[in-house]
Structure formats: structure tokens, C-alpha cells
Amino acid sequence: MALALGGRARRLVYGTLVHQNGCLHKLQQTGSDRFQLGEAKAIRLLPRRTNMVQELGMREEFMQPNRELETNYDFLGEMRQRFLRFKRQKYLPEIEKFQALAIAQSPKVMVIGCADSRVCPSYVLGFQPGEAFTIRNVANLVTPVQNGPTETNSALEFAVTTLLVENIIVMGHSNCGGIAALMNHQSHQEQHSSLVERWVMNGKAAKLRTQLASSHLSFDEQCRNCEKESIKDSVMNLITYPWIRDRVKRGEVKIHGCYYNLSDCSLEKWRLSLDKNENGFHITDREIWS
């Protein structure tokens, strides 16, 4: 009971802060899609042009006024309750399934998603435990085989050659902080780049292509275009791995790209197709699920 009361009191305090900062009033007036109703804390919101590098520096400033409130929040206590709820409501009713999963896994899908907390592939796409082998990194990037080992391609190798997954999905999303960092980054800054900036520069080809094709658009619109171009590049980079390319040619593996729009909950999807006459690969079959 004490935990429940603490949770209600905490929400009331945050509700008061929202009214004081005028965010709720502004939402009612403008319908701004910047107001994230699903966020855990209704505090001052990051501007749309923020990127992951900026956010790392801004978070401390934003959280400072609420640190005193956070000291009364029992995070581990709530996590314990969530785990026990999972065990009671999901694990025990399907105990045979979970005990079988304890012995082995045989997922049919590999998902390469973004580390962004708002975009959990299993939650958005409805995968159950054991259905999808998932790896997440900043901006959901797949580097070509020539770039050497990463945690992403090592997971790919295991999923494709050992688990024998039949589908690979590269899943990106709108308002991606990693892509914004990529679009903001200046070439002359590379020697002083952060780890985030150095990693997202793996998407440099998508950035240059976006800037060339859409220089007349706003920065936000360019970011949206680059998010999609980056997904397509990662899909094509998968073919640089011989053990993926050979399986795609034999029809044993299918590759897809997905773009999840946070603002309107739509999903844009592509498929990698093999042109047997030209022995080449193309991204085709665009669909929008909304």
C-alpha cells in the first residue's frame, strides 16, 4: 500500500509541475506531437532538434529539480513487483512453454533495432519470448563485413548460422537521436568526436545522400529522410556477409526494413528482393501499415 500511495503522490507532484510549466496547456492549444503521453516523467521536454549527444549533456540539467522527489521512489521495490507479476500472470500459466525455452531457443526472426527506450521491437511488433532474437544499438546500424567485428554482426552470425533464423528485420524509427547526431556532426570535428558520434558516422553515406537530395528541406525533415535511408543502407550491408547473401539467394533467409513512426503509430516496410537476371539485390515492395 505504501508503494501504491507513493506512486500516486509522485504522479500528483509531476502533474503539478506540468501545469506550472504550461506544457499541458500548450498541448491543449496546439496538439503538439512533442508531448509524449507515454513518458515516465512529465517534466520539461527536449526540443525536437535534440540529438543523442546533446541529450547526454542536457539530461543532468533537466533532472536536477526532480532529484529530491526521486529519493522517495523505490525503484528496486517496483521492479521486484513487476517481476513477481510476470511470474504470476505469465510464467506460471504457461510454465511448460517457459521450461522448454529454458532448454533451447529456436527463433524464426532476427531483429536489429535501435537502443531508444521508446522503441522496443518485441513490444511494438508483439513478439513473445523465444520468437525473436534481438540486438539493439544506437540508430540500428549494420556495418559492412569489411568494417570488422561488432556486437551486432557477431549476434547476426550466431542468429543466422547457428539458430538458422528465416527472417532478418532492420527496424528504425522517427525522431532518432542517433541520426540527429549524425546529421549534426561536422567532418572537421572527427578528431574530437564522442563515442556516439564516431559510431553513427557509420551512416555517413545515408547522410550525404540525404543532404544532396533534400538540402531544401528543414533539418527535421532531413533527419526523417536520413532515418529511412540509413535503414536501407543497413539492409544492403547485410548482403556483404557471405553467409547471409548465400542464404538469401537460396531462399532460406528473407530480409526486411521497417520504419516505425512514433507520432502516428504507423510502420513503413520494405523487402530486399533478388533480381535473378542481374544477380543483384534491390529494396522493393514498400508498404505502410497504419
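A charge sits over a ring if NZ of Lys or CZ of Arg is within 6 Å of the ring centre and within 35 degrees of the ring normal. The model is predicted: local features need pLDDT of at least 70, side-chain atom pairs count only at pLDDT 80 or more, and totals for chains, interfaces and linings use all residues. Residues are numbered from 1 along each chain as its sequence is written, and side-chain values use heavy atoms, without hydrogens or water.

**Exercise 1.** Find the ring over which the charged end of lysine 97 sits.

Solution. Go to phenylalanine 98. The charged end of lysine 97 is 5.8 Å from the centre of that ring.

**Exercise 2.** Classify the ring pair of phenylalanine 83 and phenylalanine 86.

Solution. Start with the count: the structure holds five aromatic pairs. The centres of phenylalanine 83 and phenylalanine 86 are 6.5 Å apart and the planes stand at 40°, so this pair is tilted. (Rings of Phe, Tyr and Trp, the last by its six-membered ring, pair if their centres lie within 6.5 Å; planes under 30 degrees apart count as stacked, over 60 as edge-to-face and the rest as tilted.) Both residues lie in helix α5, three residues apart, about one turn of the helix. Helices are DSSP runs (H or I, at least four residues), numbered from the N terminus.

Conventions. Helices (H or I, at least four residues) and strands (E, at least two) are DSSP runs, numbered from the N terminus.
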